[in-house]
Amino acid sequence: MVDGHKAFGWAAKDESGVLSPFHFSRRENGENDVTVKILFCGVCHSDLHTIKNHWGISRYPIVPGHEIVGIATKVGKNVTKFKEGDRVGVGVIIGSCESCESCNQDLENYCSKLVFTYNSRSSDGTRNQGGYSDVIVVDHRFVLRFPDGLPSDAGAPLLCAGITVYSPMKYYGMTEDSGKHLGVSGLGGLGHIAVKIGKAFGLRVTVISRSSEKEREAIDRLGADAFLVTTDSQKMKDAVGTMDFIMDTVSAEHSLLPLFSLLNVNGKLVMLGLPEKPLELPIFPLVSGRKMVGGSQIGGMKETQEMLEFCAKHNIVSDIELIKMSDINSAMDRLARSDVRYRFVIDVANSLSPDSFISCDLKEHVDHGVSIMSRF
């Protein structure tokens with residue numbers, strides 16, 4: 001394949017997960033493409049799993065990032081939905097077969113030929129790289145219009161975290177009757193958005209956590225109705241059978257049994273977190289309460305656009321910590337320790353430059369003890 005646009009980003013080169021400056025190429029803008037100058041990119045827990053090969057599917061080098069907001073700088077001749085200068089978003093997926101049953105139902109995210117934004121290949125064999133970079137070229141059918149009123153930085157995580165909690169709320173019937181009780185297990189990047197969207201849908205929301213550390217911010221700032229600490233045996237006993245739904249956003253290994261006890265008859269536990277190892281599934285509490293365990297991953301393009309419009313209408317954004325590109329490795333270390341309230345977002349446009357290649361690489365040498373020459 002002939003090289004197209006020169007691009008610059010930060011990539012992981014091996015399972016250490018250390019990110020460092022990386023030059024590569026994007027394809028030329030085709031007749032169905034939108035070229036996007038990247039302004040901001042959210043840092044997802046999936047990025048951390050991928051750069052460290054926790055799931056055993058990583059192919060290096062990897063430029064992560066699938067919560068991308070930017071400006072369209074070029075559009076192909078067949079593109080009518082976007083024009084140069086539009087503010088746009090690119091999420092987790094950038095391609096599908098567009099003809100299977102899932103695609104025909106606007107569920108491209110479940111297509112067997114799904115193409116992810118990074119750590120994947122397009123149909124022409126092109127290696128796809130993500131949003132920790134200055135530019136990206138995407139088929140217009142997988143580009144989203146970013147609504148007026150949504151800030152580019154705090155709105156970026158909605159492209160993954162937002163749709164990841166919005167889609168199962170719609171599918172599993174959480175939005176059909178206001179006043180239903182939703183438990184949100186884990187108050188991180190997904191969980192804090194689940195609280196906000198759940199409240200906008202009229203749900204009564206209780207945050208479920210191992211400690212009371214985040215109780216005041218969950219209630220006072222995020223708008224949760226209650227906070228339940230799983231290590232408080234009396235409060236857990238009082239809460240047995242009180243919840244209609246629980247969204248489990250925890251990515252670490254944990255027991256599901258306490259969550260089942262909180263569900264009422266016909267209650268639904270929806271799994272959203274992606275632990276590295278399989279979890280044990282207790283069957284007795286499922287059978288005895290006609291309870292359900294389900295899962296969900298992001299959403300199709302139509303539903304993702306709907307989610308963005310919903311969040312713009314209800315002033316829902318992520319709580320973020322804005323970082324420079326050169327801060328990404330320390331941010332990943334903090335993310336691994338859940339030390340962020342609640343999502344890192346990279347200020348790509350103001351901190352990513354090929355001119356900083358040498359100085360950034362030297363910083364990485366000092367911080368991580370990695371030989372500079374070994375990276376080339």
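The model is predicted, so to read it with care, local features need pLDDT of at least 70 and side-chain atom pairs count only at pLDDT 80 or more, while totals for chains, interfaces and linings use all residues. Residues are numbered from 1 along each chain as its sequence is written, and side-chain values use heavy atoms, with hydrogens and water left out.

Let us start with the charged side chains. The structure holds 18 salt bridges, where a salt bridge is a side-chain nitrogen of Lys or Arg within 4 Å of a carboxyl oxygen of Asp or Glu. One of them pairs Glu-213 with Arg-341, with 3.1 Å between the closest N and O atoms. Glu-213 sits in the loop between strand S13 (204-209) and helix H6 (215-220), and Arg-341 in the loop between helix H11 (328-336) and strand S19 (343-347), so this pair ties together parts that are 128 residues apart in sequence. The helices (H or I, at least four residues) and strands (E, at least two) are DSSP runs, numbered from the N terminus.

How open are these two partners? Here, buried means under 20% relative accessible area, exposed means over 50%, and partly exposed is in between (1.4 Å probe, protein chains only). Glu-213 is exposed at 58%, while Arg-341 is partly exposed at 27%.

Asp-220 is exposed, with a relative accessible area of 56%.

The side chains of Arg-221 and Asp-319 also form a salt bridge, at 3.0 Å from N to O. Arg-221 lies in the loop between H6 and strand S14 (226-229), and Asp-319 in the loop between helix H10 (301-313) and strand S18 (320-323), so the bridge ties together parts that are 98 residues apart in sequence. Arg-221 is partly exposed at 46% relative accessibility, whereas Asp-319 is buried at 16%. Through shared partners, salt bridges join Lys-196, Glu-213, Glu-217, Arg-221, Asp-319 and Arg-341 into one network.

Next comes a pocket. On a 1 Å grid over the protein atoms alone, a pocket is an open set of points with protein on both sides within 12 Å along at least five of seven lines, in contrast to a cavity, where a 1.4 Å probe fits but cannot get out; lining residues have an atom within 4 Å of a point. The second largest pocket has a volume of about 340 Å³, the volume being the space filled by probe spheres set on the points, which are joined across faces, edges and corners. Its lining has 20 residues, and Ile-94, Gly-95, Ser-122, Ser-123 and Asp-139 lie nearest the centre. Strands S6 (93-95) and S10 (135-139) each supply at least two residues of this lining, with S10 giving the most, at three residues.

What classes of residue line this second largest pocket? There are six nonpolar, six polar and eight charged residues. In this scheme Ala, Val, Leu, Ile, Met, Phe, Trp, Tyr, Cys and Pro count as nonpolar, Asp, Glu, Lys and Arg as charged, and the others, Gly among them, as polar.

Now for the cysteines. With a disulfide taken as a pair of cysteine sulfur atoms within 2.5 Å, the count comes to zero disulfides. For Cys-44, the closest cysteine sulfur is in Cys-160, and at 3.9 Å it is too far for a bond. Cys-44 is buried, at 5% relative accessibility. The sulfur of Cys-97 has its closest cysteine sulfur in Cys-100, at 3.5 Å, which is also too far for a bond. Cys-97 is partly exposed, at 28%.

Finally, look at the backbone. The peptide bond from Tyr-60 to Pro-61 is cis, with omega near 0°, and Pro-61 is in the loop between helix H1 (45-51) and strand S4 (68-75). Arg-341, from the salt bridge with Glu-213, returns here: the peptide bond from Arg-341 to Tyr-342 is cis, with omega near -10°. Tyr-342 is in the loop between H11 and S19, and Ser-338 lies in the loop between H11 and S19 as well. Ser-338 has a positive phi of about 60° although it is not a glycine. Asp-106, likewise a residue other than glycine, has a positive phi near 60°. Asp-106 is in the loop between helix H2 (101-104) and strand S7 (115-116), and is partly exposed at 33%.
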